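Open the model in your viewer and keep the selection panel at hand. The tour goes from single side chains to the whole chain and back.

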Amino acid sequence: MTDNHVYFAIVNVPEQAKRQPSGQQLLRQMVSHVTGLPPDIYCIATEPSGRPVIIDRDGAPSTLSVSLSHSGPYLAAAATAVGPIGVDIELARPGRNLPGIAEAAFGQAERRRCNRDGANGFYRTWTLREAIAKALGAGLAMAADRVDRVAAGPDEGYWDWQGWQLAHHRLAAGLSFAMAVRPDHALPGEIVWQNVTPGGV
């Protein structure tokens, strides 16, 4: 495994009842893809924060960081040895009070960007904030703490911010996807973001 790779996958799982086992299966497949080892030698545990962790047969935590997210029928997963990673996928839902949520959760500069960019700006900000919070195992409290984090940066693409490597994409109308990874060691080059979804996104 190349140390500067971040692997991600997005799948469509229409039936809600299958979402949790599908998420576990997706993480196992991703870890197997990254390590080249069979998926049945790993267990998926959950920290008190809800963050998933990979455990080997002997009960030792893997050096891989993983993250999982779901919204509507979509599941997204990411894995890397670069450092803590978070992923978030959000399908826009009609009738949400986006300005009210932004006012309660986002920093001032982020709120200005949302006012300028509308729903696209809101979902960009929300998914990036969620991804950072998930990488740290901080949960919703950090995602909604009104501290500016992602007001700067492109609408879509890859960039760095205060030691973080960030990514945001609109996969389709009303579907936003974000990743955040904080390298915990020197990298042998730029981050390589690699989509391992069967057939592509």
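Start with the sulfur atoms. This is a predicted model, and a search of the whole structure finds 0 disulfides.

**Stop 1: the cysteines**

Select Cys43. Buried or partly exposed? Its relative accessibility is 43%, so Cys43 counts as partly exposed. Now select Cys114. Its relative accessibility is 7%, and because buried means under 20%, Cys114 counts as buried.

Stay on Cys114 and show its surroundings. Cys114 is placed in helix H3. Which residues does Cys114 touch, once neighbours within four places in sequence are left aside? They are Phe106, Gly121, Phe122 and Thr125. Next, draw a distance from Cys114 to Glu156. The two are 42 residues apart along the chain, and their C-alpha atoms are separated by 15 Å.

**Stop 2: along helix H3**

Colour residues 108-136, which form helix H3. Move to Glu130, also in helix H3. Buried or exposed? Glu130 has a relative accessible area of 13%, so this residue is buried.

Show what surrounds Glu130. With neighbours within four places in sequence set aside, Glu130 is in contact with Asp88, Leu140 and Ala143. Then draw a line from Glu130 to Ala60. They lie 70 residues apart in sequence, and the C-alpha to C-alpha distance is 27 Å.

**Stop 3: two positive phi angles**

Switch to backbone view and select Arg146. Phi of Arg146 is near 65°, a positive value in a residue other than glycine. Where is Arg146 found? The residue is in the loop between helix H4 (140-143) and strand E7 (157-161). With a relative accessible area of 41%, Arg146 is partly exposed.

Go on to Gln162. This residue is not a glycine, yet phi is positive, at about 45°. Gln162 sits in the loop between E7 and strand E8 (164-172). Its relative accessible area is 67%, and exposed means over 50%, so Gln162 is exposed.

**Stop 4: the whole chain**

Zoom out and switch to cartoon. How many helices and strands does the protein chain have? The count is 4 helices and 10 strands. Trace them from the N terminus: the order is β-α-β-β-β-β-β-α-α-α-β-β-β-β.

The C-alpha atoms fill roughly 50 × 40 × 35 Å. The radius of gyration is 16 Å; a compact globule with 201 residues would have a value near 17 Å, so the two agree.

Colour by accessibility. Buried residues make up 45% of the 201 residues. Take contacts between residues at least 6 apart in sequence: 57% of them join residues at least 24 apart.

**Stop 5: surface and charge**

Last, select the charged side chains. There are 18 positive and 19 negative charges in the protein chain.

Note on methods: Residues are numbered from 1 along each chain as its sequence is written. This is a predicted model: local features need pLDDT of at least 70, side-chain atom pairs count only at pLDDT 80 or more; totals for chains, interfaces and linings use all residues. Side-chain values use heavy atoms; hydrogens and water are left out. The radius of gyration is taken over C-alpha atoms; the globule rule is 2.2 Å times the number of residues to the power 0.38. Buried means under 20% relative accessible area, exposed over 50%, partly exposed in between (1.4 Å probe, protein chains only). Contact means heavy atoms within 4.5 Å. Lys and Arg count as positive and Asp and Glu as negative; His and the chain ends are not counted. The place of a charge is taken as NZ of Lys, CZ of Arg, CG of Asp or CD of Glu. A disulfide is a pair of cysteine sulfur atoms within 2.5 Å.
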